[in-house]
Amino acid sequence: MTTPVLVAHIITKLELGGAQQNTLFTVSHLDASRFRPVLISGEPGILDQEARALSGVEFYQVPSLRRAIRPLADLRALIALTVLLRRLNPTIVHTHSSKAGILGRWAARLAGVPIIIHSIHGFGFTRYQHPLVRRTLIALERRVSRFTTRFYAVSEANRCLGIELGLFSADRCTVIRSGVDLEAFRRTRVDTAAKKRELGLDPSRPLIGMIAPLKPQKAPLDFVRLAALVHQTRPDVRFVLVGDGELRGAVEDEAARLGLSGTFRLTGWRRDIAEILRCLDVFVLTSRWEGLPRVYLEALASSVPIVGTRVDGAAEVIREGVNGYLAEPGDVPGMAERVLHLLAHPDVAVRMGQTGKSLPQEFDIRDMVRRQEREYERLVENLKRGSVVSVASGYGTPAKN
C-alpha cells in the first residue's frame, strides 16, 4: 500500500476570508488514501477552533507569523517554520497569503522540502502602497519565486500580472479558481422576513449588503458613503455590513457622521452568510484590490445581482449588465448610481440574479480540490522521475537525483 504524501499548507491567519475558508476545505477534503494534510497558521484567528476540530488534519500554530512587517518577529517566524518543517518532513509545502507565502516558501527551502507551491489569492503589493514598499515586496516575490516549484492563481488577471512582473514564466502558473459550494448556496432557503428581523431590520424595506473583513483592502468606508448617497434618493432602503476588523470603529463613526442611524446595520462576523445573501436585493463589494472575491461566487449562486469594483479577477466572473455592474475602485457615486438603477428596475435585478446562478463548474469548491490533487500527483510523479524543479536550482532547471 502506498504511503500518503505529506502536504503542509501554510497560511498567515485563519480569519473569515476566502483564502482561509478554501484552505480549511482543501485540507479536510483531500483524499486521505493519497494525501496526509497538515495545516500551519500564524497569529490567532476566528477559525482556529474550526481548524483544531478538523478530523484527520494535523494543526500547528506559529504565533510569530503575523501580517504586519516586523523584521525581528519575521525572523523568529522563519526560524520556527523551518524547524517545524524539518521535523514534519513534508513532500509538499503549499503556501497561501503574502506573508506566509514569503516566509513559508523560504522556510520550506531551508528545510529541504522538494516541492514548494504558492497560491496567489491576490498579491501583497498594490498601487496604493509607497513605491519603495511596493518595489521591496515585488523584489522579495521575485527572490522566493526562484525556488518555487509551481504557482496557482485564483484569477487570470493575477496570473498575467505575475508574468508581466517577471515573478514566474507562463508555464509555471496555473489558474485554479477559488471555489465555493455552489449547490449549497443554490439550495439555501430562508424566511427572509424572519431573518431581517433577527438582524434588526425592517422586513418590508429593500436591503443592500456587503460581506467583508473591515480592513483597508475592502474599503468599507466606501460602502458607508455609498449607503449615504443611495439613502438621499431612496430613504426607504436599508443597509447591512457583515464583518469585523481593524476599521470597525471608523465605519461606525462614518455611519454616525453621515446620519445613517437606523438605516445602517453592522453585524460583526456571521456564519449564516448563505441566509443573509438570500435577503439582499443587491450585493455590493467596494474592494480596492482582490484576487477573485469568493463572496462574488456566493452572491451569484444565491441569485443576487452584484455591484462591485473592477479589480483584478472581478471581470472574470461579473459580466457587465448581465449578472452585475463594475465600477472603478473608489468610484462611490458610480456604484451608488448602479445600485439605484437596480432598485428602480427590480425586473432587471431579478433577471441578473437568475443569470448569476449559472456559474461554470470550475468555480465549485470540490472541483478546486480535485484539481489540486491532480497537480500534487503530477508534481510527485515528476519528483520521482527527477524532473521537478529543484529548490536549490534556478527555476526551470531539472532536479538532479
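**A strand, a helix and a strand**

Strand S4, helix H4 (residues 98-110) and strand S5 form a right-handed β-α-β unit. Right-handed here means that, with the strands pointing away from the viewer, the path from the first strand over the helix to the second runs clockwise. Helices (H or I, at least four residues) and strands (E, at least two) are DSSP runs, numbered from the N terminus.

Before going on, a word on the source. This is a predicted model, in which local features need pLDDT of at least 70 and side-chain atom pairs count only at pLDDT 80 or more, while totals for chains, interfaces and linings use all residues. Residues are numbered from 1 along each chain as its sequence is written, and side-chain values use heavy atoms, with hydrogens and water left out.

Now S4 itself. How many of the five residues of S4 are buried? Five of the five, in residues 92-96, so the strand is largely enclosed by the rest of the structure. Buried means under 20% relative accessible area, exposed over 50%, and partly exposed in between, with a 1.4 Å probe and protein chains only. In a regular strand the side chains alternate between the two faces of the sheet. Ile92, His94 and His96 lie on one side of S4 and Val93 and Thr95 on the other, and both faces are covered.

S4 has a partner on each hand. Strand S1 (residues 5-11) pairs with S4 in the parallel sense over five bridges, and Val7 has Ile92 as its bridge partner. Two strands count as paired if DSSP finds at least two bridges between them.

Back to helix H4, which contains Ala100. Ala100 is buried, at a relative accessible area of 0%. Beyond its neighbours within four places in sequence, Ala100 is in contact (heavy atoms within 4.5 Å) with Ile10, Ile11, Thr12, Leu65, Thr95 and Arg105. Its C-alpha atom is separated by 14 Å from that of Phe151, 51 residues apart along the chain.
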